[in-house]
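Hello,

Here is the structure I promised to pass on to you. Have a look at it first, and then read my notes below.

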Amino acid sequence: MPDPGTPTAADEPRSPWLRTGFVLAAAFVGFVAVIAGAVVFTSDASGQDDGSAASRPAVDRAAADPSSPPGGDGACAELADTRQDIPAAAPKGVTWALFGAVAVPASKEAGPAVTGDDVARCYARTPVGALLATSQISVRYLAADDWRKVTELQTVGAGRDAYITGRTKAEKEASTDRDGGAHGQIAGFRFVTYDRSTAVIETVWRFPDGRMQSAITTVLWRDGDWRLEYPAAPAAPTPVGSLAGYTTWGGV
């Protein structure tokens, strides 16, 4: 589990909730802890991906559908990806863009088809669509300025309301002591199970000091799109020694 930290300064990007210490202090564990550690931001977030992530704004609007309100909850159009086979290698046609300091993946064929403000939505009902959804939503519901909107629109599950309540309280009580922090990046994945209604995916995160941790997340097909499940009792993250057994995948 990531080491406890202190909150970011007011002039650093996004919420102090992203500091691992807040997660631990609020007794949130599992994928919340590992992903919260992964999305801790620094004020000079920069880097290169395989194309143009570093030069883009924190929220990539290139895939935005002008006919839909940014981050809205309108109906999603059907996407080109219809393949139901589990990817045996890194999916093709995926580009990476920085959301804050974390590279998140996107595909014209599998989504997100609509990206605006803090919400990236509309994914293909396929394994690749599910993989993209869990990668995007897992970062955005923690890292977004309007994290509550992301959480309410794109997560479901018995633990969601407790997360909203706990995080809201933690942010109100947060101090603003400065801490440089570090961020992690997606390094690999493997599918645990998949069908057209449920995908369980294990994602590996690599941190700057070389440590890796895995977190298992579930996305459910609800109301025409994939939604991240927030369970009542998330499993703890697992240290990972190598990417053996995982598909290597990442934008940084």
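Keep in mind that this is a predicted model. It holds one disulfide, which joins Cys 76 to Cys 122 with an S to S distance of 2.0 Å. In case the term is new to you, a disulfide is a covalent bond between the sulfur atoms of two cysteines. The torsion about the S-S bond of Cys 76 and Cys 122 is about -75°, so this disulfide is left-handed. The pair links distant parts of the chain, 46 residues apart. Cys 76 sits in the loop between helix H2 (31–38) and strand E1 (94–99), while Cys 122 lies in the loop between strand E4 (119–121) and H3.

Are the two cysteines buried or exposed? Cys 122 is buried, because its relative accessible area is 2%, under the 20% cut-off. Cys 76 has 28% relative accessibility, so it counts as partly exposed.

Next, please find strand E8 (residues 212–222). Nine of its eleven residues are buried, so E8 is largely enclosed by the rest of the structure. Which strands pair with E8?

- Strand E7 (residues 198–206) pairs with E8 in the antiparallel sense over nine bridges. Here Val 204 stands opposite Ser 214. The hairpin of E7 and E8 has five residues between the strands, and Gly 210 in that hairpin takes a positive phi near 95°.
- Strand E9 (residues 225–229) runs antiparallel to E8, joined by four bridges. Trp 221 stands opposite Trp 226 in this pair. E8 and E9 also form a hairpin, with two residues between them, and Asp 223 in the turn has a positive phi of about 55°.
- Strand E10 (residues 238–240) is antiparallel to E8 as well, with three bridges. Met 212 faces Val 240 there, standing opposite it.

The largest core has 42 residues, and Trp 226 and Trp 249 touch the most other members. Helix H3 (residues 127–143) gives the most to this core, with ten residues. A second, separate core has six residues, including Val 204, Val 240, Leu 243 and Tyr 246.

Finally, take a look at helix H5 (residues 160–173). Its 14 residues reach 20 Å from the first C-alpha to the last, close to the 20 Å expected at 1.5 Å a residue. Within H5, Tyr 163, Ile 164, Gly 166, Arg 167 and Ala 170 are buried.

Enjoy exploring!

Best wishes

Methods
Residues numbered from 1 in each chain as written. Predicted model: local features only at pLDDT ≥ 70, side-chain atom pairs only at ≥ 80, totals over all residues. Heavy atoms only, no water. Expected span 1.5 Å × (residues − 1). Buried < 20%, exposed > 50% of the residue type's maximum accessible area, 1.4 Å probe, protein only. Core = buried A, V, L, I, M, F, W, Y, C linked by side-chain atoms within 4.5 Å. Disulfide = S-S within 2.5 Å. Pairing = 2+ DSSP bridges.
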